[in-house]
Structure formats: structure tokens, C-alpha cells
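Here are a few friendly notes to read alongside the model.

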Amino acid sequence: MERKNAAAAELQNVEFEYEKGEPVLRDISLRAEKGEWIAVVGESGCGKSTLVRLLNALLRPRSGTVSVFGEELTERNAPLMRARIGMVFQNPDNQFIGETVEEDIAFGLEGLCLDLAEMERRIERYAHRLKIEALLGRHPGELSGGQKQRCAVAACLAMEPEIVVFDEATSMQDERSRRELLEVMRDMKRQGSYTVFSVTHDAAEMLAADRIWALKGGFVRADRTPDAFFADEELLGDCGIELPFGLRLERRLSALGAAASDGGAAETGAKQAGEGGYGRVRHRQT
Ligand SMILES: Nc1ncnc2c1ncn2[C@@H]1O[C@H](COP(=O)(O)OP(=O)(O)OP(=O)(O)O)[C@@H](O)[C@H]1O
């Protein structure tokens with residue numbers, strides 16, 4: 001039975017390697033509480049996607065343990081636990097199976113052995129939530145990138161998972177689609193019924209999270225709130241993240257003492273943060 005105070009997900013001393021040789025993840029110990037939104041960040045190749053794939057047993061650690069809702073993931077319980085964890089990937093094209101969007105959502109639901117009325121209710125509910133009602137009869141291949149990603153999210157949420165992992169789900173989207181998807185994520189957060197992991201290079205996504213797990217070279221470099229994360233310039237440098245323009249401007253103004261006398265400009269920076277106006281984080285060239 002699930003322990004009352006069990007973490008949504010917990011990794012203890014996890015080591016992972018794809019092939020014998022260099023470990024990709026080393027001595028990872030992290031814990032996410034139920035209802036939290038965790039942004040997983042770090043330079044390309046540092047192990048972010050590998051880490052989230054361990055959470056739904058797509059990969060198994062070489063040593064250490066991965067537990068979900070207090071249960072250690074094993075080969076035996078993996079299929080059952082996987083049903084509680086939804087994944088949305090970078091490229092929605094790889095996720096479609098159905099000939100129409102509706103069929104695609106229904107296909108996932110068939111595996112849950114729901115009756116027809118419940119399947120229809122869920123399709124209607126999540127199509128409405130993701131604003132894709134008008135797309136249900138369309139072939140997924142005909143849709144724009146943003147529309148495809150909304151359909152992929154609807155198919156994932158219709159399974160009613162308790163944990164949702166967005167693995168760079170906003171990265172191939174244009175600015176408008178990115179903002180729309182971020183709003184969906186914020187809405188999920190407000191509902192409080194999901195634990196969310198988002199692997200991201202997007203500053204707005206990092207700022208909207210409850211906590212940031214930063215990896216460097218396969219190690220945990222930091223586990224901080226977004227405020228504490230973006231306040232530490234050495235840490236940002238270590239993770240190859242440049243301070244987004246809006247925050248840089250705000251800090252410069254503040255350093256000049258302008259924040260107090262010119263509330264307007266400082267306010268603009270803060271407002272941009274709320275609206276996701278900082279855009280993508282630029283990683284330093286190494
Ligand atoms: N299937 C695989 N087989 C062998 N090596 C892999 C495999 N997948 C990833 N790797 C390697 O493992 C390391 C971590 O990859 P991972 O995809 O987890 O990084 P990431 O931080 O998500 O990168 P990005 O931000 O570029 O997506 C990289 O060196 C990568 O080349």
C-alpha cells in the first residue's frame with residue numbers, strides 16, 4: 001500500500017550508463033513531492049532526458065533505486081507504474097498512432113479498459129481543455145507543430161496520469177505555441193492533481209516551476225527554487241545558462257538604484273517573467 005507521506009518520485013544514489021564505460025548519471029539523489037513542478041535543466045548532454053526516462057522505467061539504473069509514490073520501480077511493477085506517468089516528448093510526430101486525433105486519443109484509452117461512455121467523456125473533456133475540439137476529425141499529419149503538441153498533451157492527460165513528464169515539449173514550438181503550452185502546464189499546476197517534470201532550456205518554464213533540478217556532467221549541481229537558482233550567477237555559469245535579458249535588465253536597473261525611482265521599467269521586467277517573456281535561455285558556447 002502507498003505510504004501517506006511518500007514522495008511522488010525519489011532517486012537514491014542512482015548511477016546509470018548506456019554502455020559499459022562512462023556513466024551518464026552519477027550518484028543522483030533527488031526527491032519530488034506530490035503536486036510539485038520540477039524543471040530539469042543543464043547543458044546539452046548532461047543527462048536530463050536520461051533522468052526522466054528512469055522515472056517511468058523506460059531505463060533501469062545500474063545501481064541505486066528509483067521509487068515512484070513510495071514504490072521502488074522493478075521490472076515486475078514497471079507496467080503498472082508506467083500507467084501513472086505520462087510522457088510528452090519534443091517531437092509530437094513520433095507519438096501519433098491514430099488516423100485522426102480522436103482515434104489517437106482513444107487508442108491510448110483502450111489500454112486502460114474503460115467503457116465506451118467513459119472514453120467519450122475523457123476525449124471530450126481533454127479536447128476542450130486543450131482547445132482541440134475542432135481538430136478531433138483531422139489527420140495528425142495535417143496539423144501545425146503547436147496543434148500537434150496540444151493533441152499529444154491531450155492524449156497524455158486523457159490517460160489521467162498522476163505524474164506528467166514534458167521532455168523539451170516546448171522546444172520545437174513557435175513563441176505563441178510555447179506560451180500556450182506553458183499556460184496548460186500552469187493550469188495543471190493550479191489544479192494541484194499532477195506532479196510535473198519539465199526538461200527544458202526555456203527560462204519562462206524554469207521560472208514557472210516550483211523547483212529546479214540542475215545537472216552538470218551527470219551529477220546534481222543544484223536543487224533550488226527558481227529565485228535562488230537565478231540569483232546565483234556562478235551556478236548559472238556552471239550550468240551554461242546566461243541570465244535571461246529581462247532579469248539582467250532588472251538587476252542592472254536595480255544596481256543603478258533605478259528600480260526604486262523608475263518602477264515602470266523594473267515592473268516591465270517582472271511582468272515579462274510572469275508572461276514567459278524571457279524567451280529561451282542561451283547556453284554559452286564552450
Ligand atoms: N540511447 C543512447 N545510447 C547511448 N548513449 C546515449 C543514448 N541516449 C543518450 N546518450 C548519451 O547520454 C548522455 C546524456 O544524454 P541525454 O539525452 O540524457 O542528455 P540531455 O541533457 O537530455 O541532452 P539534450 O539537452 O541535448 O537533450 C549524452 O552523452 C548522450 O550522447
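Predicted model: local features only at pLDDT ≥ 70, side-chain atom pairs only at ≥ 80, totals over all residues.

1. Residues are numbered from 1 along each chain as its sequence is written. Helices (H or I, at least four residues) and strands (E, at least two) are DSSP runs, numbered from the N terminus.

2. Two packed helices are described by the angle between their axes and the distance between the axes. Axes are lines fitted to C-alpha atoms, for helices over the stretch in contact, and angles run from 0 to 180 degrees between N-to-C directions. For H3 and helix H5 (residues 145-158), the axes cross at roughly 30 degrees and come within 9 Å.

3. Which residues bring H3 and H5 together? Val101, Asp104, Ile105, Gly108 and Leu109 in H3 meet Cys151, Ala154, Ala155 and Ala158 in H5 (two residues are in contact if their C-beta atoms, placed from the backbone, lie within 7 Å). Sorted by class, this contact of H3 with H5 has seven nonpolar, one polar and one charged residues. Here Ala, Val, Leu, Ile, Met, Phe, Trp, Tyr, Cys and Pro count as nonpolar, Asp, Glu, Lys and Arg as charged, and the others, Gly among them, as polar.

4. Now turn to helix H3 (residues 101-110) and helix H4 (residues 116-129), which pack at an angle of about 130 degrees with their axes 10 Å apart. H3 is therefore oblique to H4. On the H3 side the contact is made by Glu102, Ile105, Ala106 and Leu109, and on the H4 side by Met119, Arg122 and Ile123. The contact of H3 with H4 has five nonpolar, no polar and two charged residues.

5. The remaining pair to look at is H4 and H5, whose axes are 9 Å apart at an angle of about 135 degrees. That makes H4 oblique to H5. Arg122, Ile123, Tyr126 and Ala127 of H4 make the contact with Ala154, Leu157 and Ala158 of H5. By class, there are six nonpolar, no polar and one charged residues in the contact of H4 with H5.

6. Finally, find the ligand: among the residues surrounding the ligand are Tyr18, Gly45, Lys48 and Thr50 (a residue is near a molecule or strand if its C-beta atom, placed from the backbone, lies within 6 Å of it). The shell around the ligand has three nonpolar, six polar and one charged residues.

Key. Parallel < 35°, antiparallel > 145°, perpendicular 65-115°, else oblique.
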